[in-house]
Amino acid sequence: MNIIFGPIYSRRFGKSLGVDLSPSKKQCNFDCLYCELEPSKTMSTQDEVVSVENILNAIQNGLNEHKDIDVLTITANGEPTIYPHLLELINEINKIKGTIKVLILSNASTINNLKVQEALLKFDEVKLSLDCATQKCLKKLDRSDDSISIENIKAGMLEFKNRYKAPLIIEILVVKTLNDSKDEISKLNEYLLKLKPTRIDLGTIDRPPAFNVKPVSYEDLLQISHYFDSSLPIYIATRKKSDISSSSYSYDEILDTLAKRPLTQEDIEALFDTESKKRVENLLHKEKIELIETNGVEFFKKI
Ligand code: SF4
């Protein structure tokens, strides 16, 4: 039973040590088609619970072993917010963490629960998944527990966002034919304009999924990113960027592209050929475009 995993290196955070709140088996209130864990029955609370003391001991041992950790990432083989002692756990972690940041990755299913919000408010960063804007999509793609409603999730997120002052990141995982329609994306867009998260990570399946579902290509993600309002800070988060070939962009094409969608340095690296990258540098120098930082990710944007 391994509560601690890693460390892994994260470009944004540095060295991250993972903490698994469900180390013995999958315990989740979703059973997503793209989950990399085996399919399993959904549950709204954990039936195998590790004590706060055991988790803290594991964290302390992990921190003793790896002296240079920058961030503790709280996650689970399943959904970490259905761990029943989350508030007590984060209170205890905050007593021992020193300068280390603590972040949590959640599927957002419980965000309308005030007790969960109380716990999440104590994290340095919260990342919530939001694959769907409609109940039909949530049921089909995330195969959520019957007790979960997308409207409650959306209302809970808005309420939480009003209370939370640290970075709130939204993650959208796009799956071919399941949530990549213009209609679903336009509903997500409408909602995200109200939510105003710190950043939106748009990704697709990167690891072998539990069911036979397909990722979309990087080009599709780029296209989908254009369906969102250009004021939303969308970061295309996929490892598949290296599969595509770079192209030539004129000055006008660069300005036009950045007006529709700010691009990260990684996007520029993947999409632009050498000459086009020089044009980006020139435009930056001439102050036609700017580089803005949003929670550790830099975007090129038209001024
Ligand atoms: S929320 Fe995460 S752990 Fe739960 S089923 Fe979906 S992908 Fe798997």
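The centres of domain 1 and domain 2, taken over C-alpha atoms, are separated by 28 Å. Domain 1 spans 4-244 and domain 2 spans 251-303, with bounds that come from an automatic or database domain assignment. The model is a predicted one, in which local features need pLDDT of at least 70 and side-chain atom pairs count only at pLDDT 80 or more, while totals for chains, interfaces and linings use all residues. Residue numbers start from 1 along each chain as its sequence is written.

Helices (H or I, at least four residues) and strands (E, at least two) are DSSP runs, numbered from the N terminus. An open sheet is formed by three strands in the order E9-E11-E10, with antiparallel pairing; two strands pair if DSSP finds at least two bridges between them. Strand E9 (263-264) and strand E10 (289-294) are the edge strands, each pairing on one side only. Strand E11 (residues 297-302) pairs with E9 in the antiparallel sense over two bridges, and leucine 263 has phenylalanine 300 of E11 as its bridge partner. The antiparallel pairing of E10 and E11 runs over six bridges; here glutamate 293 is partnered by glutamate 298 in E11.

Burial was assigned from C-beta atoms placed from the backbone: a residue is buried if 20 or more other C-beta atoms lie within 10 Å of its own, exposed if 12 or fewer, and partly exposed in between. In helix H7 (residues 218-227), the buried residues are Tyr218, Leu221, Leu222, Ile224 and Ser225. These residues lie on the same side of H7 because they cover an arc of only 165° around the axis, the arc being that of the directions from the helix axis to the C-beta atoms. Glu219 and His226, on the other side of H7, are exposed. Strand E6 (168-174), helix H6 (182-195), strand E7 (199-204) and strand E8 (234-236) pack against the buried residues of H7, where contact requires C-beta atoms, placed from the backbone, within 7 Å.

For helix H2 (residues 86-96), the buried residues are Leu86, Leu89, Ile90 and Ile93. They cover an arc of only 95° around the axis and are therefore on the same side of H2. Their cover includes helix H1 (52-65), E3, strand E4 (101-106) and helix H3 (114-120). Glycine 98, which follows H2, has a positive phi, near 65°.

Strand E3 (residues 71-75) contains threonine 73. This threonine 73 is buried, with 23 other C-beta atoms within 10 Å. Residues up to four places away in sequence not being counted, threonine 73 touches Ser16, Gly18, Val19, Leu103 and Leu105. Its C-alpha atom is separated by 6.0 Å from that of valine 102, 29 residues apart along the chain.

Terms used. Contact = placed C-beta atoms within 7 Å.
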